[in-house]
Structures are given as structure tokens and as C-alpha cells.
Amino acid sequence: ISNSNRQIHTLSETVGRSKCAVMRERIGGINPDCHVRVVEDFLTKENYHDILHVTHGYDVVLDAIDRADNKARIIAHCCKHKIPVVSCGGTGGGGDPPSI
């Protein structure tokens, strides 16, 4: 558990649990009216249309993935469909952030 200091959802009692499920609980604890659709999968160029399909009725998409190609897909898809997107990023320990 080397990166728990960077993960707001990580508490000693959540170690070993699904990050997605724990984040849904955390968001629900902050705002019970917020509906979170959890997708326990990696976003790829093959599945992003299914994951982000407009029929899911997203009010906003939160992007916290590291891969720049998939991040670009999310942003482009959301812009095309007029879905607000909040994007943050890092390099997952694998690069120089200013060079991205």
C-alpha cells in the first residue's frame, strides 16, 4: 500500500476493498442525492462508447485515469455529447508530468 496517502477514499478499514465501491460510498456520504454509476472495468478504445453511452444519462463525468489516449477519448466524447467532464491526471509514477 504505497500510494494510500494520495487516495482520499483510503482508510485502514477500506484496504482490500474495491476503489470504485469505496468511492461511491464516500460520495454518497457527502451527498446522498448524488447517484454514482460504478464501472469495474478499464476504459479502452473498444469499450468507451458502451461505458460513456448517452443513454446512461450522465450529468457529469469524472475522469481520474492515467492513460493520455483514453483521457483524450473521454474528453472528446463528452464534448461531442455536451456532457460536462472534470478531468485530473497524473503519470502513475511513470513520467514527467510537465512533459504530458
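Predicted model: local features only at pLDDT ≥ 70, side-chain atom pairs only at ≥ 80, totals over all residues.
The largest nonpolar core comprises 8 residues. Its members are Leu-43, Tyr-48, Ile-51, Leu-52, Val-61, Ile-74, Cys-78 and Ile-83. Two helices, α2 (48-51) and α3 (68-80), each supply at least two residues of this core. In soluble globular proteins, nonpolar side chains tend to be buried together. Ile-51 was examined for its contacts beyond four places in sequence. On that basis Ile-51 touches Arg-37, Val-39, Leu-43, His-56 and Tyr-58. Of these partners, Leu-43 is itself listed in the core.

Cys-78 also belongs to this core. The relative accessible area of Cys-78 is 0%, so the residue is buried. Cys-34 presents another picture. With a relative accessible area of 37%, Cys-34 is partly exposed. The count of disulfides in the model is 0. Cys-78 accordingly takes part in no disulfide. The cysteine sulfur nearest to Cys-78 belongs to Cys-79 and is 7.1 Å away. A disulfide requires the two sulfur atoms to lie within 2.5 Å, so a separation of 7.1 Å rules out this pair.

The salt bridges were considered next. The structure holds 4 of them. One joins Glu-25 to Arg-17, with the closest N and O atoms 2.5 Å apart. Both residues of this pair are partly exposed: Glu-25 has a relative accessibility of 47%, and Arg-17 has 38%.

Another salt bridge links Arg-67 with Asp-69, where the closest N and O atoms are 2.6 Å apart. Arg-67 counts as exposed, because its relative accessibility is 52% and the exposed class begins over 50%. Asp-69, at 33%, is partly exposed. The side chain of Asp-69 also meets that of Arg-73 in a salt bridge, at 3.7 Å from N to O. Arg-73 and Asp-69 are both in helix α3, 4 residues apart, so about one helical turn separates them. Arg-73 is partly exposed, with a relative accessibility of 22%. Through shared partners, the salt bridges join Arg-67, Asp-69 and Arg-73 into one network. Asp-69 is the partner of both Arg-67 and Arg-73.

Val-60, Leu-62 and Val-86 make a nonpolar surface patch of about 270 Å². Val-86 is placed in strand β2, which covers residues 85-87. The relative accessibility of Val-86 is 47%, so this residue counts as partly exposed.

Another surface site is Ala-64. This residue lies in the loop between β1 (61-63) and α3. Ala-64 is exposed, with a relative accessibility of 59%. Ala-64 and Gly-89 are 25 residues apart in sequence. In space, their C-alpha atoms are 5.7 Å apart.

Definitions and conventions. Residues numbered from 1 in each chain as written. Heavy atoms only, no water. Patch = residues over 30% accessible without salt bridge, like charges linked within 9 Å, V, L, I, M, F, W, Y side chains within 5 Å. Areas by Shrake-Rupley, 256 points an atom, 1.4 Å probe, with all protein chains shown as cover. Buried < 20%, exposed > 50% of the residue type's maximum accessible area, 1.4 Å probe, protein only. Core = buried A, V, L, I, M, F, W, Y, C linked by side-chain atoms within 4.5 Å. Contact = heavy atoms within 4.5 Å.
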